[in-house]
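Colleague: I have not looked at this one before. Can you walk me through it?
Modeller: Here it is.

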Amino acid sequence: MAKITKDMIIADILNVDRDLAYVLMASGMGCVGCPSSQGETLEEAAFVHGIDADGLLANLNEYLASKEA
């Protein structure tokens, strides 16, 4: 199973599963297609958007686990 980490670049997260964009956007990170996503880590992006990185990380990995079940 693929696992997302806080030090992964947003663009790399989306390469794991494009549907993770919905999880990111639902969490308040609406700019997943912006140029910053090409070089910003999940932790950095969460900080900029005022989102709890640990909670977001859990949501992303739960989503991936649910697809494999």
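Colleague: How many cavities of 30 Å³ or more does a search of the whole structure find?
Modeller: One. Keep in mind that this is a predicted model.

Colleague: How much space lies in the largest cavity?
Modeller: About 40 Å³.

Colleague: Which residues line the largest cavity?
Modeller: The lining is made up of Ile10, Met29, Cys31, Val32, Cys34, Ser37, Glu40, Ala45 and His49.

Colleague: And how do the residues of that lining divide into nonpolar, polar and charged?
Modeller: Six are nonpolar, two are polar and one is charged.

Colleague: Changing topic. How many salt bridges does the structure hold?
Modeller: Four. As background, side chains of opposite charge can pair when their charged atoms come close.

Colleague: Start with lysine 6. Which side chain does the side chain of lysine 6 meet in a salt bridge?
Modeller: That of glutamate 43, with 3.8 Å from N to O. Glutamate 43 sits in helix 3, residues 42-49, and lysine 6 sits in the segment before helix 1, so the pair ties together parts that are 37 residues apart in sequence.

Colleague: Which residues are linked with Lys6 in a network of salt bridges?
Modeller: Glu43 and Asp54.

Colleague: What about lysine 67: where does it lie?
Modeller: Lysine 67 is in helix 4, residues 53-68. The side chain of lysine 67 meets that of aspartate 17 in a salt bridge, at 2.8 Å from N to O. Aspartate 17 is in the loop between helix 1 and helix 2, so this pair ties together parts that are 50 residues apart in sequence.

Colleague: Why does aspartate 17 count as buried?
Modeller: Because its relative accessible area is 13%, and buried means under 20%. Lysine 67 is partly exposed, at 42%.

Colleague: Which other aspartate does lysine 67 meet in a salt bridge?
Modeller: Aspartate 19, at 3.3 Å from N to O. Aspartate 19 also lies in the loop between helix 1 and helix 2, with lysine 67 in helix 4, so the pair ties together parts that are 48 residues apart in sequence.

Colleague: And what is the relative accessible area of aspartate 19?
Modeller: The value is 29%, so aspartate 19 counts as partly exposed.

Key:
Residues are numbered from 1 along each chain as its sequence is written. This is a predicted model: local features need pLDDT of at least 70, side-chain atom pairs count only at pLDDT 80 or more; totals for chains, interfaces and linings use all residues. Side-chain values use heavy atoms; hydrogens and water are left out. On a 1 Å grid over the protein atoms alone, a cavity is a set of points where a 1.4 Å probe fits but cannot get out, and a pocket is an open set with protein on both sides within 12 Å along at least five of seven lines; lining residues have an atom within 4 Å of a point. Grid points are joined across faces, edges and corners, and a volume is the space filled by probe spheres set on the points. Ala, Val, Leu, Ile, Met, Phe, Trp, Tyr, Cys and Pro count as nonpolar, Asp, Glu, Lys and Arg as charged, and the others, Gly among them, as polar. Helices (H or I, at least four residues) and strands (E, at least two) are DSSP runs, numbered from the N terminus. Buried means under 20% relative accessible area, exposed over 50%, partly exposed in between (1.4 Å probe, protein chains only).
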